[in-house]
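Me: I have a model open and want to go through its side-chain packing. Can you take my questions as they come?

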Amino acid sequence: MSKLKAAVAQYDIGYFNQWSEFETKLTHWVKQAASHDAKLLVFPEYGSMELASLFGEEIYKDLGKQLHAMQDVYQDYEALYTELARQFDVMVLASTFPVLQEDGSFRNRANLYGVEGLIGYQDKLIMTRFENEQWLIHAGTDIKVIDTDVGRIGINICYDTEFPLIAHQQVEAGADVILAPSCTDTQAGFYRVRIGCQARALENQCYVLQSPTFGNAEWSEAVDFNTGRASVYTPVDYGFPDNGILAEGSAETAQWVYADLDLTEIARVRQAGQVFNYRDWPLQNKLRGPN
């Protein structure tokens, strides 16, 4: 499939008294995107942390306790995304989830679901100070590419977008689309990720889709303030927007942002663009720095 309609979530953090409320919310989001003929849906980093509200204030106000409590709903979380992907015939990147490992540590995991269930996942590779120093979530170790019906896809989770070798390795392995779920509490944080995403789209001549959490949830110890705009970034070249932004959300409301991706255009611009950023990447290795 060379053409693909994507829906990128600017996703608000909710508060739930029972699981069915979350189920209703997520179903509404997926149904809305499917009604606009979107086939690839992207949710943000740590959007799942709204589920900590199910466990009461003693849990959601404690960074450590909420991670352990969340494991009680992880199987239901996976099952719901699987069912919604099947029901609405879409591929969906779930909001990242802190998944408990056998050694007792946690990984910030992005799961990609299709009509037949889990297609693949990517753990966050480079952790922020908050994750390292306060939340004690550990880094993953493997850069993955995921084979899908629309080609190979890479995932860069938030801070990972700011490190060029991750996305480049994924693109070298065949990914023309990079999904970038994010969670940032300041404008500066959002723009760091945005600049990283645009740089990755520029240097690899690929699409990058950024989905952020949005709005305030002051009850939450983990995701209390959320700043960002859902956006789709492109190469900056013939046939693409001059500023490299194909679509972006407003700053006012939670929403889906839609964009039509044409993967044949990625191949074209790499072969006949004004510049050859992707092809010329190896030239850096021949340059010598100051003595």
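**Aromatic pairs and packing**

Reply: Searching the whole structure turns up 21 aromatic pairs. Keep in mind that this is a predicted model.

Me: How are the rings of Y77 and F97 arranged?

Reply: Their centres are 4.9 Å apart and their planes stand at 50 degrees, so the pair is tilted. Planes count as stacked under 30 degrees and as edge-to-face over 60.

Me: Where in the chain do Y77 and F97 come from?

Reply: Y77 is in helix α4 (residues 74-88) and F97 in strand β4 (residues 97-100). They are 20 residues apart, and the pair links distant parts of the chain.

Me: Buried or exposed, those two, Y77 and F97?

Reply: Both Y77 and F97 are buried. They also belong to one aromatic cluster, whose members include W19, F43, Y81 and W256.

Me: Switching to charges. Which charged ends sit over the ring of Y121?

Reply: That of R109 is 4.0 Å from the ring centre, and that of K144 is 4.6 Å from the ring centre.

Me: Now the nonpolar core. Which residues have the most contacts inside the largest one?

Reply: L41 and F43, in a core of 46 residues. At least two residues each are supplied by β1 (3-12), α1 (19-35), α3 (63-70), α4, β4 and β5 (106-114). The largest share is from α4, with seven residues.

Me: And what is L41 in contact with, leaving aside neighbours within four places in sequence?

Reply: A7, V30, A33, V90, M91, V92, L93 and W256. M91 is also included in a second, separate core of 40 residues, as are C158, A230 and A259.

Me: On to strands. In what sense do β5 and β6 pair, and over how many bridges?

Reply: The pairing of β5 with β6 (residues 117-123) is antiparallel, over six bridges. A hairpin of two residues joins β5 to β6, and L112 stands opposite G120 in β6.

Me: Last one, S53. Where is it found?

Reply: In the loop between β2 (40-42) and α2 (57-60). The relative accessible area of S53 is 4%, so this residue is buried; the cut-off for buried is under 20%.

Me: What does the side chain of S53 reach?

Reply: The backbone oxygen of E50, at 2.7 Å. A polar atom of the S53 side chain also lies 2.9 Å from the backbone nitrogen of F16. Not counting residues up to four places away in sequence, S53 touches Y15, F16, Y60 and W219.

Conventions: Residues numbered from 1 in each chain as written. Predicted model: local features only at pLDDT ≥ 70, side-chain atom pairs only at ≥ 80, totals over all residues. Heavy atoms only, no water. Phe/Tyr/Trp six-rings, centres within 6.5 Å; stacked < 30°, edge-to-face > 60°. Helix = DSSP H or I, 4+ residues; strand = E, 2+ residues; numbered from the N terminus. Buried < 20%, exposed > 50% of the residue type's maximum accessible area, 1.4 Å probe, protein only. Lys NZ or Arg CZ within 6 Å of the ring centre and 35° of its normal. Core = buried A, V, L, I, M, F, W, Y, C linked by side-chain atoms within 4.5 Å. Contact = heavy atoms within 4.5 Å. Pairing = 2+ DSSP bridges. Polar contact = N/O pair within 3.5 Å; in protein donor to acceptor, adjacent residues only side chain to side chain.
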